[in-house]
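Visitor: I would like to learn how to read side-chain features in a model like this one. Please take them one at a time.

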Amino acid sequence: MWWMYAIVVIGIIAALISPVKNLFTTPKAALKALVGLVVAAAVIGGCYALSSAAPVPNSAGGFFEDVFELRFTDTILYVTYLVGGISILSILVGEIRNAIK
């Protein structure tokens with residue numbers, strides 16, 4: 001679980017550094033990156049709002065009850081499902097569009 005936290009934090013830091021780096025090279029690219037960052041934050045916020053903090057039974061007969069971990073894992077799973085679905089749809093649309101041309 002801790003590796004997942006580390007990878008997510010590294011991704012967030014990289015997403016925050018990229019627009020700042022682009023600001024000094026091309027301001028137009030930085031604006032696009034900042035818009036993308038705002039959209040990503042809105043998607044993550046929406047997935048967080050949908051996540052549940054309900055206790056989950058484990059194999060030892062107890063429950064996972066840490067609210068932060070439950071909501072965080074639900075949020076990351078929802079984001080992963082959403083991004084995976086969007087990428088599959090974009091592949092399908094791209095292939096259909098190329099077949100039509």
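This is a predicted model: local features need pLDDT of at least 70, side-chain atom pairs count only at pLDDT 80 or more; totals for chains, interfaces and linings use all residues.

Visitor: Where is Ser51 found?

Guide: Ser51 sits in the loop between α2 and β1 (56-57).

Visitor: Is Ser51 buried or exposed?

Guide: Buried means under 20% relative accessible area. Ser51 has 8%, so it is buried.

Visitor: Which residues is Ser51 in contact with, leaving aside its neighbours within four places in sequence?

Guide: These are Arg71, Asp74, Thr75 and Tyr78. With Arg71 there is a polar contact of 3.0 Å between the two side chains. Arg71 also lies over the face of Tyr48, at 4.2 Å from the ring centre.

Visitor: How is a pair of aromatic rings described?

Guide: By the distance of the centres and the angle of the planes. A search of the whole structure finds 1 aromatic pair. Phe68 and Phe72 form this pair, which is stacked, with 5.5 Å centre to centre and 20° between the planes. Both lie in helix α3 (residues 67-100), 4 residues apart, about one turn of the helix.

Visitor: Are Phe68 and Phe72 buried or exposed?

Guide: Phe68 is exposed, with a relative accessible area of 53%, whereas Phe72 is buried at 18%.

Visitor: Which residues of α1 are buried?

Guide: They are Tyr5, Val8, Pro19 and Asn22. What covers them includes α2 (27-50) and α3.

Note on methods. Residues are numbered from 1 along each chain as its sequence is written. Side-chain values use heavy atoms; hydrogens and water are left out. Rings of Phe, Tyr and Trp (its six-membered ring) pair if their centres lie within 6.5 Å; planes under 30 degrees apart count as stacked, over 60 as edge-to-face and the rest as tilted. Helices (H or I, at least four residues) and strands (E, at least two) are DSSP runs, numbered from the N terminus. Buried means under 20% relative accessible area, exposed over 50%, partly exposed in between (1.4 Å probe, protein chains only). A charge sits over a ring if NZ of Lys or CZ of Arg is within 6 Å of the ring centre and within 35 degrees of the ring normal. Contact means heavy atoms within 4.5 Å. A polar contact is a pair of N or O atoms within 3.5 Å; within protein, one must be able to donate a hydrogen and the other to accept it, and residues adjacent in sequence count only if both atoms are side-chain atoms.
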